[in-house]
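Hello,

Please find the structure below. My notes on the fold, a helix and a pocket follow.

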Amino acid sequence: MGLAGWEEVQDPLVARPVAVSVAFEGGEEIAAARDVAQGFLVMVQAVHGLPVPRRAMGMVQLVVSELVTNAHKYAPGPCLLDLEIRDAAVQVCVWDSSTTLPSVLPADPGRIGQHGLEIVMAVCRSFAVDREPVGKRITVAVVLADDPGGDVAGRQVL
């Protein structure tokens with residue numbers, strides 16, 4: 001695991017983004033990715049004063065875990081994780097070397113396993129997959145603020 005750098009600025013919403021980028025290679029990357037996500041959000045709260053509710057902390061760690069697990073499981077070689085505070089959310093990007101786009105299966109309570117992307121899509125405000133010159137990048141956003149009305153943050157079913 002290699003940290004590309006913690007960006008520390010005075011006003012992250014006006015100046016430059018608060019972000020971290022990490023490259024993973026090897027079997028311990030999933031737990032390490034969750035630790036990076038937690039450390040990033042603790043830093044965001046402590047250094048920059050942005051509130052990070054317990055729900056947001058857990059959701060970001062869950063999303064990072066699911067996306068890095070998929071990269072580790074389905075793509076050879078390293079995986080890159082980018083976390084950035086953007087538009088009142090944590091943007092999570094995971095790049096891997098596989099050109100195969102993920103399959104999001106329809107909800108099926110009888111299916112055992114393969115619910116990761118289904119869960120990610122349910123808790124994130126946005127979900128995008130982009131092909132890269134080498135591999136692909138999955139980008140999602142997890143809302144930081146809890147809804148004052150008590151609704152769970154994320155995409156709402158209309």
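Val-63 is buried, at a relative accessible area of 0%; buried means under 20% relative accessible area, exposed over 50% and partly exposed in between, with a 1.4 Å probe and protein chains only. This is a predicted model, in which local features need pLDDT of at least 70 and side-chain atom pairs count only at pLDDT 80 or more, while totals for chains, interfaces and linings use all residues. Residues are numbered from 1 along each chain as its sequence is written, and side-chain values use heavy atoms, with hydrogens and water left out.

Val-63 lies in helix α2. Helices (H or I, at least four residues) and strands (E, at least two) are DSSP runs, numbered from the N terminus. Leaving aside neighbours within four places in sequence, Val-63 is in contact (heavy atoms within 4.5 Å) with Val-92, Val-120, Val-123, Cys-124, Val-140 and Val-142. Val-92 is 29 residues from Val-63 along the chain, and their C-alpha atoms are separated by 8.0 Å.

**Helix α3**

Two of those contacts of Val-63, Val-120 and Val-123, are also among the buried residues of α3 (residues 116-123), together with Gly-116 and Leu-117. These residues lie on the same side of α3, because they cover an arc of only 135° around the axis, the arc being that of the directions from the helix axis to the C-beta atoms. Their cover includes α2 (54-74), β5 (126-131) and β6 (136-143).

**Chain and cysteines**

The protein chain has three helices and six strands, in the order β-β-α-α-β-β-α-β-β. Of its 158 residues, 41% are buried. Among contacts between residues at least 6 apart in sequence, 60% join residues at least 24 apart.

There are zero disulfides, a disulfide being a pair of cysteine sulfur atoms within 2.5 Å. Cys-79 counts as buried at 1% relative accessibility, and Cys-124 at 0%.

**Largest pocket**

The lining of the largest pocket has 24 residues, with Asn-70, Tyr-74, Pro-102, Ser-103 and Leu-117 nearest its centre. On a 1 Å grid over the protein atoms alone, a pocket is an open set of points where a 1.4 Å probe fits, with protein on both sides within 12 Å along at least five of seven lines; lining residues have an atom within 4 Å of a point. α2 gives the most to this lining, with seven residues.

Regards
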